[in-house]
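Here is a briefing on a two-chain model. Read it alongside the sequence and the coordinates.

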Amino acid sequence: MVSVGIDHATRLYLAVTSRRLPCPQFTFGFLPTVHLHCIFRSSGSPFSENKMASTFARIFSYKRSVRILSLVGVGSLTTGLFLNKEYVDAGSLVRRTYPASAEYPDLRKHNNCMASQLTPAIYATLCGKSTPNGYTLDEAIQTGVDNPGHPFIKTVGMVAGDEESYEVFAELFDPVIKERHNGYDPKTMTHPTDLDSRKIRSGQFDERYVLSSRVRTGRSIRGLSLPPACTRSERREVERVVADALNGLEGELKGQYYSLTQMTDQEQQQLIDDHFLFDKPVSPLLTCAGMARDWPDARGIWHNNDKTFLVWINEEDHTRVISMEKGGNMKRVFERFCTGLKEVERLILEKGWEFMWNERLGYVLTCPSNLGTGLRAGVHVKLPRLSKDPRFSKILDNLRLQKRGTGGVDTAAVGSTFDISNLDRLGKSEVELVQIVIDGVNYLVDCEKRLEKGQDIRVPQPINQFK
Amino acid sequence: MHWESGVAVELGSHLAPHSTKTRPALNPQQTPGHERCHPLTAKLSDSPQCAHPASFGRLIRTPELGLVCSFLGRKRIFVSFPKETKNKVNAIMPFGNTHNLLKMNYSAEQEYPDLSKHNNHMAKVLTSEMYENLRDKQTPSGFTLDDVIQTGVDNPGHPFIMTVGCVAGDEETYEVFKDLLDPVIEDRHGGYKPTDTHKTDLNPDNLQGGDDLDPDYVLSSRVRTGRSVRGFCLPPHCSRGERRGIEKLSIESLSALEGDLNGKYYALKDMTDEEQQQLIDDHFLFDKPVSPLLLASGMGRDWPDARGIWHNDNKTFLVWVNEEDHLRVISMQKGGNMREVFTRFCTGLTQIESLFKDKGHEFMWNEHLGYVLTCPSNLGTGLRGGVHVKLPNLSKHETFGEILKRLRLQKRGTGGVDTAAVGGIFDISNADRLGFSEVELVQMVVDGVKLLVDMEKHLEKGESIDDLMPDQK
């Protein structure tokens, strides 16, 4: 630490610090750097003198010549230090520097994917890095540190602040993705994207059992940060870009945008009645990641006049796209889904924007659990007998399906009506996943019918995984 | 974490205001795949990708060097998005999404928060011009304007209760963002000017009386304040390492207390069930904050890491570590002997301060703001001295509110702030924090409560209290 221009009563230091930073491309394995810190400090306790105007500051208000001389002096001093390529320990005076081991979170009581994969070694390697926008590892894992998790439900425990997070922090993201997505290895595998709805076979369910069908996914706008990290202007930009594109939709997709900040009471009530309105997130999983900041600025809902195609803007992701209708025509729901998505993509491309996508991870979204397709295709289906059968869970498992209550994730089923949807997101294309749901739900309805007639049912063979 | 970025931008505030057109990067080392532009070797001929103006250049914002360096700074941040990002080794503040550099590519107007439905001190003061002037500044530890105001943006406030709406991340926040915080402080603390000085007086001998509050009415007495350890960031901004450092320092210092201050530390994460139950029964345990006012500013991060409670064996002196502030110091006991409570308070605080000094640390304090704490509402003394007092008759009197106002006191329910009174028992404490010394504030409480009890007795007997009405203090 070098101090210059001290007035001992004010204790102002020009601290020149330099640190070793791991940097493999340099032969020494480290890159010495020099940083200048200039700190104002008012001295001491109530009982000593305290001058607010420091000598150093007064230097700058003096005559030019004096100024230049003092600065040259300082400059040569620091240049000399730098050229020597020595490093001086970061001063312990005002700022403490802590090694990664002191910063490593206490994850002993935690049960989420991040906690399983974040070793102290990985933390030490990554904690000093940041994406070009300034997003850091600690920000990415904050939600996992703050939410130790549930013994039965394993949450992911980390989020991405921007597209580059998945690259910069790949050392942690890749194992987490592998754990969450059944062994999908982003380093070696590629994800197929297929939005050709003509490939779907037999997408019409028996409507005595299937009450409604729905497909949802998310899309992020390349070049803008994701909800955990975006600033107000970025968020507003997302709103502008997406609302613009949506206003270009026509035919059965033509619709209207409702901004959360400017909604009238009638509009709000209507959206609630339609079950379209989303609320400020209360789940600590989301709020700890910073997704609720500046609520409700730049958040909104768009839906078409038929109320079958719906887009949420700036909720958990830049956009959440939902296609749904009553009844069992999953094929038509998926057709509208694909058409709508492709139209929106075309419209934003016209304006020079595109979606975040790459070959390894498919469509890039905030939560690693939604990578790939980000697709959840599901139905509300009545299965009173099957749901009481002890083989129900196993059947769902083998069909790669999951059940939820009709209120969504974390709700219980009401009156034996279940929300049945695909488990997987990454490693299979959209068409494949929707086909899995169609085949699976057809199988479940078939089982239910058999049980009605008193016949027995069989647990199906497990569907092939990619691993 | 290492403090590489954020070279004293506040230095510039002492000089001629710089043009916002030459706004330099907040975090200089952002060039993809490019070794850092070193402050002293950055040349004008550097490639356009080097968006890093010399830190040195930001430091010296004098006209002659300013010209040279502003030239460097004029380069916009070209944030490219290669499919493969070259990793930059760049230690930055672990918390604070406001370090997102892309925001500097947008105008201040595009970034300015929508405060049209807001009712808090920050929203009243923060104009878009002020936002524009302050948005590219940061303290040496990297706390930015957006960090300061996030809690106020996320919590529009209540039509009746005026919250502050901003927090400090470190001691320098009050300097770097004084354009915003001075008016907020003035508004919140009854007209306290940026040039005013605050008096600190922790000598209990200066208190007159205070040992004779009627215990039939005054059920318990309590004085609390907060202290921040200089050199560490405050709870909204501190890293895990810093927070643990504060805990370690606190444990070491507190364990050296002796006599009736001898006590024990209970870390929140290592507490046994019995210890936890005991602390709950004693009403000592603090929980993870649920108030969105606190959570939105980042004070709940990494809970319960490095949080804990220390109390003496007599259970009359209590310290909370890393809750809302670095330290919250509480002295309390049943009955009305406020003098004893305050004496222990002062003794304990002074001892703690000297124990910290022995280890080379001092508390954040300056002549203008007194003791520096996270929330601007707690500046000065940070002191809330109060009693739980039975005032069933007086509280129903129509002049109760006026009396309290004149005595510079405030009422709360016995559950603390935002609770209602139960059974006519009120928590009466001083309304002020800044601009009065500790002794003065406790004196106000002592004198005021004495008068309130007197009035209560009069009303019990059916007598009038009109001639007892106090003057405005």
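Chain B holds an open sheet of 8 strands in the order S3-S4-S5-S6-S2-S9-S11-S10, with antiparallel pairing. Strands pair if DSSP finds at least two bridges between them. Helices (H or I, at least four residues) and strands (E, at least two) are DSSP runs, numbered from the N terminus. The edge strands are S3 and S10 (409-412) of chain B, and each pairs on one side only. The twist averages 20° from one strand to the next.

This is a predicted model, in which local features need pLDDT of at least 70 and side-chain atom pairs count only at pLDDT 80 or more, while totals for chains, interfaces and linings use all residues. Residues are numbered from 1 along each chain as its sequence is written, chains are lettered from A and ligands numbered from 1 in the order in which they are written, and side-chain values use heavy atoms, leaving out hydrogens and water.

**Chain B: strand pairing**

- Strand S2 (residues 218-227) of chain B pairs with strand S9 (residues 384-390) of chain B in the antiparallel sense, over 6 bridges.
- B:Val223 has B:Gly385 in S9(B) as its bridge partner.
- Strand S3 (residues 263-267) of chain B pairs with S4(B) in the antiparallel sense over 5 bridges.
- There, B:Lys264 stands opposite B:His311 in S4(B).
- S4(B) also pairs with strand S5 (residues 317-321) of chain B, antiparallel and over 4 bridges.
- Here B:Ile309 stands opposite B:Trp320 in S5(B).
- S4(B) and S5(B) form a hairpin with 4 residues between them.
- In that turn, B:Lys315 has a positive phi of about 60°.

**Chain B: the enclosed strand S4**

- In strand S4 (residues 308-312) of chain B, 5 of the 5 residues are buried, so the strand is largely enclosed by the rest of the structure.
- Buried means under 20% relative accessible area, exposed over 50%, and partly exposed in between (1.4 Å probe, protein chains only).
- Both faces of S4(B) are covered.
- One side carries B:Gly308, B:Trp310 and B:Asn312, the other B:Ile309 and B:His311, and all are buried.

- H13(B) lies across S10 and strand S11 (425-430) of chain B, running at about 130° to S10(B).
- Axes are lines fitted to C-alpha atoms, for helices over the stretch in contact, and angles run from 0 to 180 degrees between N-to-C directions.
- Helix H13 (residues 400-407) of chain B packs with helix H14 (residues 438-460) of chain B at an angle of about 155°, their axes 10 Å apart.
- That makes H13(B) roughly antiparallel to H14(B), a label for angles over 145 degrees.
- B:Phe400, B:Ile403, B:Leu404 and B:Leu407 in H13(B) meet B:Met444, B:Gly448, B:Leu451, B:Leu452 and B:Met455 in H14(B).
- Contact means heavy atoms within 4.5 Å.
- By class, the contact of H13(B) with H14(B) has 8 nonpolar, 1 polar and no charged residues.
- Ala, Val, Leu, Ile, Met, Phe, Trp, Tyr, Cys and Pro count as nonpolar, Asp, Glu, Lys and Arg as charged, and the others, Gly among them, as polar.

**Chain A: sheet**

- Chain A has an open sheet of 8 strands, ordered S5-S6-S7-S8-S4-S11-S13-S12, with antiparallel pairing.
- Strands S5 (255-259) and S12 (401-404) of chain A stand at the edges, each with a single partner strand, so one side of each is left without a neighbour in the sheet.
- The twist averages 20° from one strand to the next.
- Strand S4 (residues 210-219) of chain A pairs with strand S11 (residues 376-382) of chain A in the antiparallel sense, over 6 bridges.
- A:Val210 has A:Val381 in S11(A) as its bridge partner.
- Helix H9 (residues 232-247) of chain A packs on the sheet, touching S5, S6 (300-304), S7 (309-313) and S8 (319-326) of chain A.
- The direction of H9 makes about 165° with that of S7(A).

**Chain A: Gly218**

- A:Gly218 is found in strand S4 of chain A.
- A:Gly218 is buried, with a relative accessible area of 1%.
- Not counting residues up to four places away in sequence, A:Gly218 touches A:Thr319, A:Arg320, A:Leu365 and A:Gly374.
- A:Gly218 and A:Tyr363 are 145 residues apart in sequence and 8.1 Å apart in space, C-alpha to C-alpha.

**Chain totals**

- Chain A has 14 helices and 13 strands.
- Chain B has 14 helices and 11 strands.
- Of the 467 residues of chain A, 59% count as buried.
- Of the 473 residues in chain B, 61% are buried.

Terms used:
Angles under 35 degrees count as roughly parallel, over 145 as roughly antiparallel, 65 to 115 as roughly perpendicular and the rest as oblique.
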